[in-house]
Amino acid sequence: MRARGLPGVPKPTVGQLRGVCTWIVVGVGWMETAPKPGRDVPPKNVKFQSKKKKPRRYWEEETTPTAAAASPGPPGNKKRNRELRPQRSKKAYIPKKSRISKKPQLPKKPRERRNPEPERSLSGAQDPFPGPAPVPLELAQKFCRIDKSKKLPHSKSKTRSRLEVAEAEEEEISVKAARSELLLAEEPGFLEGEDGEDTAKIRQADIVEAVDIASAAKHFDLNLRQFGPYRLNYSRTGRHLAFGGRRGHVAALDWVTKKLMCEINVMEAVRDIRFLHSEALLAVAQNRWLHIYDNQGIELHCIRRCDRITRLEFLPFHFLLATASETGFLTYLDVSVGKIVAALNARAGRLDVMTQNPYNAVIHLGHSNGTVSLWSPAVKEPLAKILCHRGGVRAVAVDSTGTHMATSGLDHQLKIFDLRGTFQPLSARTLPQGAGHLAFSQRGLLAAGMSDVVNIWAGPGKASPPSLEQPYLTHRLSGHVHGLQFCPFEDVLGVGHSGGITSMLVPGAAEPNFDGLESNPYRSRKQRQEWEVKALLEKVPAELICLDPRALAEVDVISLEQEKKERIERLGYDPEAKAPFQPKPKQKGRSSTASLVKRKRKVMDEEHREKVRQSLEQQAQKQEKKAMPLGPRPSALDRFVR
């Protein structure tokens, strides 16, 4: 680099320029040039001394740097800094705050304003109905399952608190269920006559003309005189229909879309037909044995242990297929594992009248001596017997709530019984012709098939029995009735007769809303498979079938006392007669858990030895009394001794 001299300034030498930053003067300003790499760079071991930030004490307040403090200047006086610190006396002692608080810190409740301002929405408008919607008490009690009137007389505090929590949860769930009932938009149908017109005189053609097109399509007739008479059955979802003729004709279809699933001829008499847990499996009671088919008409099983079957009933929550035979046996078949759970002999001859109680899964059998017997697979004898008619029983039906049973007999009597423990008849009616088939709908309508006429009676409500004074609807068929069943979730009555199948429109017969997680008519194949897995996991054991299912949640006091008595006889003493030993606490580490358990065990063993010793002494005394001689043997000559 060449140094250029200025006037009046001595020219520096080369030695003076080494190690010094180079400055170039241009006019009056100075411009600093960056040093070249490798030259005039300070060594690495040289550390620049920077002013360390003094740590702030807990008694000092954090202040923001002012302009005066930020500006560089000479360091302040140390004495002045010392004066700013608080003077601590040597005797003063400031305790440190403990991290663990001794008293529980309760959250402070916010103060309630005397005149709270009404809550407003984003638009600024005030809500005219603040808070959750009120629920009527009657509607909430409809969904409540806990009886608060029954309380334990001497319950522990822990048990009482658990019961209170369970009651609170049940009350909250019932309120939610009552509030969600508003979302059920569908309402049950009804049929009313004009100006006091009798609804029994209204024909099916008039109903079809009055309803919409979709409902009118649900009324149809299948002319199948070649293979009749027919028995029919609807699936639990109400979407599929299966029917079988006496001459071997078996078919299954989606009756809403009229799409045929399968149609076969088994070349044998068909006495009854039932869907199993889903529409994919079908049970057919043929002349000799019981056969299982799929929805394509392929035979899957032939159960020869169930022979000469006359009637079939399927219990969906237990996966049990109940069969009644000509030999008088009631057989329960578990379709989930393929085993026979129970085979009960009714000892009443041929069984051709059978139905189930949907409430408790008890099977009702009608006999030729006028009685109806109630059966469970857990008991070999009937749970109850009801004398219903003077002649033989022709048909039996039980409503969906399990409170009423309708029976018809050879004496042309139609009776309705109360099943809530009394088993007494509530109403009776004499029919011109005895009813051979009976069926209850989901909303309590009763249908009776008499020869080629179907009569339907309605009641004031779902839980009330139907009134037998005046029929609700009447319809005449083209053949004698051989099967009746109401379609679930549809106002339709399916009738199987000697001329085929007839689908009748019955307004107000079914529940208008369905549970999509339980019985969904619109479910897909994947949803059906998932539902089957869930239903199998929740299967109810057959041993739990009884007359009153609510008794399963109660304590069996009689059995408890019997077990206590047997335990006392087995041990020779009552272990609960004396209060358990509670050791006193000791000091110096002698009250550890192990030592307390050891002392309790020692006292219990001593008491047990003493009681066993006493029982052995009593047994020895009894044996000695038995072994003592009773004296000389009496002789026949003792009568002459004076």
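Strands β28 and β29 run antiparallel and are joined by five bridges. One of the residue pairs is V481 with H497, the latter being the bridge partner in β29. The strand names follow DSSP: helices (H or I, at least four residues) and strands (E, at least two) are DSSP runs, numbered from the N terminus. Two strands count as paired if DSSP finds at least two bridges between them.

This pair belongs to an open sheet of four strands, ordered β3-β30-β29-β28, with antiparallel pairing. At its edges lie β3 (220-223) and β28, each of which pairs on one side only. From one strand to the next, the twist averages 15°; axes here are lines fitted to C-alpha atoms, for helices over the stretch in contact, and angles run from 0 to 180 degrees between N-to-C directions.

## About the model

Before going further, please keep in mind that this is a predicted model, where local features need pLDDT of at least 70 and side-chain atom pairs count only at pLDDT 80 or more, while totals for chains, interfaces and linings use all residues. Residues are numbered from 1 along each chain as its sequence is written, and side-chain values use heavy atoms, with hydrogens and water left out.

## Two nonpolar cores

A nonpolar core is a set of buried Ala, Val, Leu, Ile, Met, Phe, Trp, Tyr and Cys residues joined through side-chain atoms within 4.5 Å. Buried means under 20% relative accessible area, exposed over 50%, and partly exposed in between (1.4 Å probe, protein chains only). The largest such core holds 32 residues, and V454, I456, L493 and V506 have the most contacts inside it. Several strands give two or more residues to this core, including β26 (453-457), β28 (481-486), β29 (492-497) and β30 (500-505).

Leaving out residues up to four places away in sequence, L493 touches Y234, A447, V454, I456, L484, Q485, F486, T502, S503, M504 and V506, where contact means heavy atoms within 4.5 Å. There is also a second, separate core of 29 residues, with Y332, L344, V362 and L365 among them.

## The sheet from β8 to β11

Another open sheet has four strands in the order β8-β9-β10-β11, again with antiparallel pairing. Its edge strands are β8 and β11 (299-307), each pairing on one side only. Neighbouring strands in this sheet are turned by 20° against each other on average, direction ignored.

Strand β8 (residues 270-275) is mostly covered, with six of its six residues buried. A hairpin of five residues joins β8 to β9. Five bridges link β8 to the antiparallel strand β9 (residues 281-286), and F275 stands opposite L282 in β9.

## Helices and buried side chains

Helix α9 (residues 557-571) has 15 residues and spans 21 Å from its first C-alpha to its last, close to the 21 Å expected at 1.5 Å a residue; the expected span is 1.5 Å times one less than the number of residues. After α9 comes G572, with a positive phi near 90°.

E170 sits in helix α5 (residues 157-180). E170 counts as buried because its relative accessible area is 15%.

The model has zero disulfides, taking a disulfide as a pair of cysteine sulfur atoms within 2.5 Å.
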